[in-house]
Amino acid sequence: PTSWSKARRAAAIAGGTMPTGTPDLDNLLKAAMDAIEGRAYENDSQVVQLHSAMQYGESGRVHLTITAV
């Protein structure tokens with residue numbers, strides 16, 4: 001957040017603070033899964049494993065790595 005000091009923002013980006021506010025991780029994950037359904041897989045029932053985390057960064061983004069099993 002821009003209201004934080006530079007030191008606090010740097011510590012958060014380095015992983016010292018994890019975000020716990022909104023949007024929450026399950027909502028972000030649901031949006032990402034819905035966006036790639038029909039492209040990366042036919043139906044989300046085909047997804048058998050997920051690893052997810054939310055962290056602070058310089059800008060907002062979603063990073064997906066899709067691997068066939």
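Trainee: What radius of gyration does the protein chain have, and what would a compact globule of 69 residues have?

Mentor: The radius of gyration is taken over C-alpha atoms, and the globule rule is 2.2 Å times the number of residues to the power 0.38. For 69 residues a compact globule would come near 11 Å, whereas the protein chain has 15 Å, and its C-alpha trace spans about 45 × 20 × 15 Å along the principal axes. Please keep in mind that this is a predicted model, in which local features need pLDDT of at least 70 and side-chain atom pairs count only at pLDDT 80 or more, while totals for chains, interfaces and linings use all residues. Residues are numbered from 1 along each chain as its sequence is written, and side-chain values use heavy atoms, with hydrogens and water left out.

Trainee: How many helices and strands does the protein chain have?

Mentor: Helices (H or I, at least four residues) and strands (E, at least two) are DSSP runs, numbered from the N terminus; here there are two helices and zero strands.

Trainee: Why is the pair of W4 and Y56 called edge-to-face?

Mentor: Rings of Phe, Tyr and Trp (its six-membered ring) pair if their centres lie within 6.5 Å, with planes under 30 degrees apart counted as stacked, over 60 as edge-to-face and the rest as tilted. One aromatic pair results: the ring centres of W4 and Y56 lie 5.3 Å apart with their planes at 65°, so the pair is edge-to-face. W4 sits in the segment before α1 (6-13) and Y56 in the segment after α2 (25-36), 52 residues apart.

Trainee: Is W4 buried or exposed?

Mentor: Buried means under 20% relative accessible area, exposed over 50%, and partly exposed in between (1.4 Å probe, protein chains only). W4, at 14%, counts as buried, whereas Y56, at 23%, is partly exposed.
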